[in-house]
Amino acid sequence: MTDSRSTESLIRNLGAGLMPVRRAASPNRLTLVWLGVASLIAAGLSLIFDMDAMMARLASATDLWLAALGALLTALLAAKAAFELGVPGRSRLWALLPLPAALLWIGASGMGCLRNWAESGWQGGEDLECLRFILGTSIPLAVAIVVLLRRVFPLYPMLTAGLAGLACAAASAALLNIGHPFDATATDLAAHAAAVALVTLALTVSGGRLLRR
């Protein structure tokens, strides 16, 4: 009888300070919500720029639409990988998920640069405008993805934040196609690569701190 009361008392004491635990959101659901934010930005840009001109430009050469598709898939898969890493127990191999899409993006962009050089020779582009666009568009996307990632529990904060940064930079590069009515030159591509690297590095450092619990 004494042992039974002691056990009940022990259980009562252990449970007295417990708080309800919020169930972690599904990675698929969080990915869709973040893509919704990116879609809102795309919808806003479509009101400003000529979408028919964008579609005609992308259809004019295979490397152009492949590069756009690669950037879009990189954004989607990097975001998915970041949210999956927010689930305790998930393997760090999820970080490799966006790799094939990133290779497609880089390869098609390089082919486009060579095609443009062969057709028109060396020429400058609007590299600073591209840099500003990718950096500026990445800010709301980064805020959204960090807010969503704080609803899960990343065990590898810097790796997760790095993937989030890659997702934001790739989505911004994909959105750039809406307002980029000409082929990317070598200097444009250099600006794109610099912007992607800056966004990914910034979010890896700052986001890693924000995601630590």
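**View 1. Glu84, a buried residue in a network of salt bridges.** Glu84 counts as buried because its relative accessibility is 5%; buried means under 20% relative accessible area, exposed over 50%, and partly exposed in between, with a 1.4 Å probe and protein chains only. This is a predicted model, in which local features need pLDDT of at least 70 and side-chain atom pairs count only at pLDDT 80 or more, while totals for chains, interfaces and linings use all residues. Residues are numbered from 1 along each chain as its sequence is written, and side-chain values use heavy atoms, leaving out hydrogens and water. Which residues join Glu84 in the network? Lys80 and Arg90 are linked with Glu84 by salt bridges, a salt bridge being a side-chain nitrogen of Lys or Arg within 4 Å of a carboxyl oxygen of Asp or Glu. Between Glu84 and Lys80, the closest N and O atoms are 2.6 Å apart. Lys80 is buried too, but Arg90, at 32% relative accessibility, is partly exposed. For Arg90 and Glu84, the closest N and O atoms are also 2.6 Å apart.

View 2. Helices are DSSP runs of H or I with at least four residues, strands are runs of E with at least two, and both are numbered from the N terminus.

**View 3. Helix H3 has buried residues along one face.** In H3 (residues 51–59), look for the buried residues Met54, Arg57 and Leu58. Down the helix axis, these buried residues fall within an arc of 95°, so they line one face; the arc is that of the directions from the helix axis to the C-beta atoms. Asp52, Met55 and Ala59 are exposed on the other side. Helix H4 (62–84) is included in what covers the buried residues of H3.

**View 4. Ser46 touches Met51 and Ile178.** Contact means heavy atoms within 4.5 Å, and residues up to four places away in sequence are not counted here. Ser46 belongs to helix H2 (residues 27–48) and is partly exposed at 28% relative accessibility. Although Ser46 and Ile178 are 132 residues apart along the chain, their C-alpha atoms are separated by 7.1 Å.
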